[in-house]
Amino acid sequence: MSFQPIFSQFQLELDDHNDRRERLIKASRDVTNLSKKVIFLLHRIVNEDAQDYRAHSKHACERGIEKLREVRDIYAAIKPEVQGDSFWRHHHSISPGLQEYIEALSFAHYLGHGTLITFNQVQAALSDDRGAPYFSLPKEDYLLGLSDLTGELMRFAISGFSRKGGRARAVQVCNFVRDCKSDFDRFAPFVKGLRKKQVVTSQSLEKIEHAVYAIVVRTSEYDLPQEILDDIIGQSMSSNAYKEKRRNGDVGSDDEREYDY
């Protein structure tokens with residue numbers, strides 16, 4: 001009996017497995033890059049001056065959702081590759097990009113609605129126009145992606161101090177991130193990697209709390225209208241940020257140019 005046909009079949013299966021893995025890794029990297037660009041875009045839009053912040057924030061959400069449709073197109077293209085057991089076999093290759101997408105989607109959702117995006121809403125975003133999902137969303141990736149959101153909220157809160165109403169929004173973000181950390185801590189023992197991300201969440205929360213505390217204490221020393229205080233804080237923070245960039249040689253850095261997406 002010849003074993004060559006058997007091993008030839010094994011060779012074909014291994015080649016198919018490796019080729020599929022490479023395609024999924026590339027797709028995951030593309031998703032990661034697009035999601036990061038959307039996050040940069042959202043930060044840039046919300047930091048622009050606007051008369052009606054609520055409408056401006058919803059505009060940022062709409063722009064972000066629109067850009068994230070490119071990610072949906074990628075997942076639609078790889079749908080045949082991740083059917084059945086193939087999804088779990090290649091989950092390690094898909095997971096990083098999926099978490100980054102959830103982070104970008106949840107940030108856009110927060111800007112538009114001020115709430116945490118639900119599991120069902122994320123699954124709906126990972127479905128075609130008829131409601132058929134490209135794949136079943138793992139709850140672990142959902143939680144890990146939301147845990148990353150807290151870092152973006154920290155940047156959003158601190159950078160927004162220089163805008164009118166920024167102090168009040170920072171307090172709201174601080175309470176929101178605190179609630180997220182409290183809720184996610186319950187799942188940390190059961191989700192691999194979540195405990196490590198919660199350490200970063202704690203650091204982000206601490207930065208927001210320190211910034212809010214400093215601003216509240218300083219502004220309590222002056223008996224001035226809120227609008228004037230906002231202008232003083234904005235001018236002070238803009239001046240300090242520019243000096244810090246000059247000191248670090250970061251003026252006109254590549255990271256800033258990425259916001260032009």
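A few questions and answers about helices, cysteines and one tyrosine follow.

Guide: This is a predicted model, in which local features need pLDDT of at least 70 and side-chain atom pairs count only at pLDDT 80 or more, while totals for chains, interfaces and linings use all residues. Residues are numbered from 1 along each chain as its sequence is written, and side-chain values use heavy atoms, with hydrogens and water left out.

Visitor: How are helix 4 and helix 6 oriented to each other?
Guide: Helices are DSSP runs of H or I with at least four residues, numbered from the N terminus. Helix 4 (residues 91-113) and helix 6 (residues 139-159) pack with their axes 8 Å apart, at an angle of about 45 degrees, where axes are lines fitted to C-alpha atoms over the stretch in contact and angles run from 0 to 180 degrees between N-to-C directions. Angles under 35 degrees count as roughly parallel, over 145 as roughly antiparallel, 65 to 115 as roughly perpendicular and the rest as oblique, and therefore helix 4 and helix 6 are oblique.

Visitor: Is Cys61 buried or exposed?
Guide: Buried means under 20% relative accessible area and exposed over 50%, with partly exposed in between (1.4 Å probe, protein chains only). Because the relative accessible area of Cys61 is 9%, Cys61 is buried.

Visitor: Is Cys174 buried or exposed?
Guide: The relative accessible area of Cys174 is 5%. Cys174 is therefore buried.

Visitor: Is Tyr213 buried or exposed?
Guide: Tyr213 lies in helix 8 (residues 194-219). Because its relative accessibility is 61%, Tyr213 counts as exposed.

How values were computed. Helices (H or I, at least four residues) and strands (E, at least two) are DSSP runs, numbered from the N terminus.
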